[in-house]
Amino acid sequence: MRDRIPQIIREEGAEPVTYTAGREEYRGRLRDKLGEEVAELLEADEDSAPEELADVLEVVRALAADLGGDADQLEKIRAAKAGERGGFADQIVWTGNR
C-alpha cells in the first residue's frame, strides 16, 4: 500500500493493521500491484487515464528502486532502446512479414 495510507486511515478514526513485508514478498506484491494498476488503466476513459497512468508510473518507480535503480536509470534505458528501435510516436501497426 502507499506509504501514507495508514496515516490517512488513522486520520479517519480507524486503526490500520499493517506489517512491513520482506524483500521477496514486497517485490511480489509490487508486481501484483503493477498488474492491478495496468488493468485499471486499460479500463479507464480518457479523463481518468492520466491518473491511472501516474499510478502505473509510481509502481514502476518502486520496482526500479527495489531492483537497485531509479527513474533516471530507467529513462537512460528507455532512451537507448528508443534510439536503437524507435518509440511509438508514429503509430505503426505491424501485421507480420511477407
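Helices (H or I, at least four residues) are DSSP runs, numbered from the N terminus. The model is predicted: local features need pLDDT of at least 70, side-chain atom pairs count only at pLDDT 80 or more, and totals for chains, interfaces and linings use all residues. Residues are numbered from 1 along each chain as its sequence is written, and side-chain values use heavy atoms, with hydrogens and water left out.

View 1. D55 counts as buried, at 18% relative accessibility (buried is under 20% relative accessible area, exposed over 50%, partly exposed in between; 1.4 Å probe, protein chains only). Leaving aside residues up to four places away in sequence, D55 touches R2 and E37 (contact means heavy atoms within 4.5 Å). The side chains of D55 and R2 are joined by a polar contact of 2.9 Å (a pair of N or O atoms within 3.5 Å, one able to donate a hydrogen and the other to accept it).

**View 2. Salt bridge between D66 and R23.** The N to O distance is 3.9 Å (a salt bridge is a side-chain nitrogen of Lys or Arg within 4 Å of a carboxyl oxygen of Asp or Glu). D66 lies in helix α3 and R23 in helix α2 (residues 23-43), so the pair ties together parts that are 43 residues apart in sequence. D66 is buried at 12%, whereas R23 is exposed at 52%. A network of salt bridges links R23, R27 and D66.

**View 3. Salt bridge between R29 and E25.** Their closest N and O atoms are 2.7 Å apart. The two residues are four apart in helix α2, separated by about one helical turn. R29 is exposed at 51%; E25 is partly exposed at 29%.
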